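Take a moment to look over the sequence and the fold.

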Amino acid sequence: MTRNSVGKMMGINDSPATSIDQTVDLELHDMAHGGRALGRHEGMVVFVPFGIPGERVLARIYHKHKRYAEAEIIDIITPSQDRVIPKCPYFGVCGGCHYQHIRYDRQLEIKRHIVESLLSRIGGFRDIKVLPTIPSPREYYYRNSARFLCGQQGDLGFTDWRSNSFIKVDTCPIMDEKINEVLQHIQGHGLPGENVRVRYSRQKDELVIWPKLSVDLETGQQFHTQVLLGREFRVSATSFFQVNTLQAENLIRIALDELEPLEGKTVVDAYCGVGTFTRFIAERAELTIGIEESPSATADFRYNMQGLKAKLIEGRAEKELGRLPNNIDRLLLDPPRTGCEPEALETILELAPEKIVYVSCDPATLARDLKVLCSTGAYRLKKVQPVDMFPQTFHIETIASLELL
Ligand SMILES: C[S@@+](CC[C@H](N)C(=O)[O-])C[C@H]1O[C@@H](n2cnc3c(N)ncnc32)[C@H](O)[C@@H]1O
C-alpha cells in the first residue's frame with residue numbers, strides 16, 4: 001500500500017498549518033495498523049508512536065508528508081488508564097516491540113478493532129463482528145525463535161526503529177528465557193554481516209544456533225524438534241515455524257474445528273511449511289495435499305509426514321493450485337504477510353472447495369484477499385478470529401473461515 005493510499009483511506013488532508021519541529025496538542029482517537037496512535041492537527045492526520053487512543057499528548061512533528069505527519073510524544077497531558085511500564089530497557093528504541101506500554105487486555109482489544117476496521121475499509125465487510133482476540137498463554141518470553149543482527153565488532157542486537165541503525169541488546173523479554181541465556185554466551189561472537197538465528201524447543205530442550213560460532217556452546221545444528229499438541233516436528237535451521245509454540249496449539253485447534261468434518265475429505269494445505277497443520281488434518285482426512293516452495297521446509301515436511309495420508313507438491317502455490325484435480329473439499333491457506341497472489345485466488349474460485357480456512361499474519365492483505373473470494377458471491381465470510389501470536393507487538397494473526405454458497 002502506498003503512503004498516498006494510506007492517507008486517502010484515513011480521510012487525510014494536506015495542512016500548511018503543520019510544520020516540522022512544531023509542537024502540537026493532540027487527542028489520540030484510534031490506533032492504526034502498524035502500531036501508531038492517530039491524532040488530528042488542523043485537519044491533518046498525525047501518526048504518534050507509543051501513544052494510546054484516549055490520551056491527550058503534546059507531540060513534536062518529526063516528519064511531514066503530503067497527506068499526513070508523524071510526531072513523537074514529548075509530554076502526556078492525559079495518560080490512558082491502560083498505560084503501563086514497559087518491561088524492556090530497549091523499548092522505544094528497538095524496532096521489535098510497539099505495545100509494551102499498553103496493558104495486555106487493551107492490546108487484545110486494539111488488535112480485534114484493527115482487524116474489524118481493515119475488513120470494513122479494505123474488504124468492504126461492513127457487518128462482520130470480529131471475535132475477541134484469543135490471548136497468548138504467555139505475554140512475555142513467548143518467542144521460540146530469535147534472529148539477531150550482527151554489528152561491527154561481533155555484537156548481537158536488533159535495529160533502532162527510527163534510524164534503522166544497529167543496537168546491541170543483552171536481553172529481550174519477548175524471547176524464551178533460554179534464548180536470553182544463550183545470548184549471554186554468544187554476545188560479541190557474531191560474524192559481521194551475518195544474522196545469528198537461535199531457536200529453542202522447550203518441550204525437547206533442544207537448540208539450534210545458526211551459523212557455527214566460536215563459543216563455549218554447541219552451535220551450527222541443522223535441525224531441532226518442536227512439539228505441538230503432542231506431535232513432534234523436525235524443523236531445520238532455515239524453515240519457517242510458528243514462533244509462539246503454546247499459542248500455535250490454539251491456532252491448530254481452531255483451524256481444525258473450522259475444517260471439520262474431515263473424514264473422507266480431500267484437503268489442500270497451501271503454504272504448508274514443515275506440515276504444522278497438515279499433520280493434524282492428515283490424521284482425519286482421506287487425503288491431504290501440502291503445497292510449499294521452500295526446499296528446507298519441504299524436506300522437513302516429508303520427514304514429518306511419514307506414515308500419514310499426505311502428499312506434497314513442491315512449488316509456488318499460485319502455479320501449483322492450478323494443477324490440482326477438481327475434487328478438493330477443503331482448503332487451508334497460510335500465506336506469508338504479502339497474502340495470496342491474484343492467480344492463486346482465481347484458481348481457488350475455480351476449484352470451489354466447500355470450506356476455506358485462511359490463516360493470516362497480516363489483516364490488510366487478509367481483507368484484500370477475502371474481498372476477492374467473497375465479492376463474486378461464491379463464498380460467505382462466516383467467522384473471523386484474531387489469535388494473539390505476537391504480544392507486545394502490533395503484529396496480528398487471524399483465522400478467517402469461509403463457506404461456499
Ligand atoms: C506463514 S508460513 C506458514 C507455514 C505453515 N503453515 C506453518 O504454520 O508452519 C508461510 C509458508 O509459505 C511458504 N511460501 C511463501 N510463499 C509461497 C508461495 N508462493 N508458494 C508456496 N509456498 C510459499 C513459506 O516458505 C512458508 O513456509
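The C-alpha centres of domain 2 and domain 3 are 28 Å apart. Keep in mind that this model is predicted. Where do these domains lie along the chain? The domain assignment puts domain 1 at 3–78 and domain 3 at 145–236. Domain 2 comes in two pieces, 104–138 and 242–404.

Now look at where domain 2 and domain 3 meet. On one side, 15 residues of domain 2 take part in contacts. The most comes from α6, with five residues. Sort the domain 2 side by class, and you find six nonpolar, six polar and three charged residues.

Next, turn to the ligand. How many residues surround the ligand? The count is 21. The closest are Tyr271, Gly273, Thr276, Ser294 and Asp334. Two elements, β15 (287–292) and α7 (317–320), each give at least two residues to this shell. By class, the shell has 12 nonpolar, four polar and five charged residues.

In an unreviewed entry, it marks a "binding site" at Gln242, Tyr271, Glu292 and Asp334. Two of these positions deserve a visit.

Start with Tyr271. This residue sits in the loop between β14 (266–270) and α5 (278–282). Is Tyr271 buried or exposed? Tyr271 is buried, because 22 other C-beta atoms lie within 10 Å, and the cut-off for buried is 20 or more. Now set aside the neighbours within four places in sequence. Tyr271 is then in contact with Ile291, Glu292, Ala317, Leu333, Asp334 and Pro335.

Move on to Gln242. Where is Gln242 placed? Look in the loop between β13 (231–236) and α4. Why does Gln242 count as buried? Gln242 has 26 C-beta neighbours inside 10 Å, so it counts as buried. Again leave aside the neighbours within four places in sequence. The contacts of Gln242 are then Ala248, Leu251, Thr276 and Met389. One of these, Thr276, is also listed among the residues closest to the ligand.

How values were computed. Residues are numbered from 1 along each chain as its sequence is written. This is a predicted model: local features need pLDDT of at least 70, side-chain atom pairs count only at pLDDT 80 or more; totals for chains, interfaces and linings use all residues. Domain bounds come from an automatic or database domain assignment. Two residues are in contact if their C-beta atoms, placed from the backbone, lie within 7 Å. Helices (H or I, at least four residues) and strands (E, at least two) are DSSP runs, numbered from the N terminus. Ala, Val, Leu, Ile, Met, Phe, Trp, Tyr, Cys and Pro count as nonpolar, Asp, Glu, Lys and Arg as charged, and the others, Gly among them, as polar. UniProt positions are given in the numbering used here, feature names are shortened, and annotations may be inferred rather than shown by experiment. A residue is buried if 20 or more other C-beta atoms lie within 10 Å of its own, exposed if 12 or fewer, and partly exposed in between; C-beta atoms are placed from the backbone. A residue is near a molecule or strand if its C-beta atom, placed from the backbone, lies within 6 Å of it.
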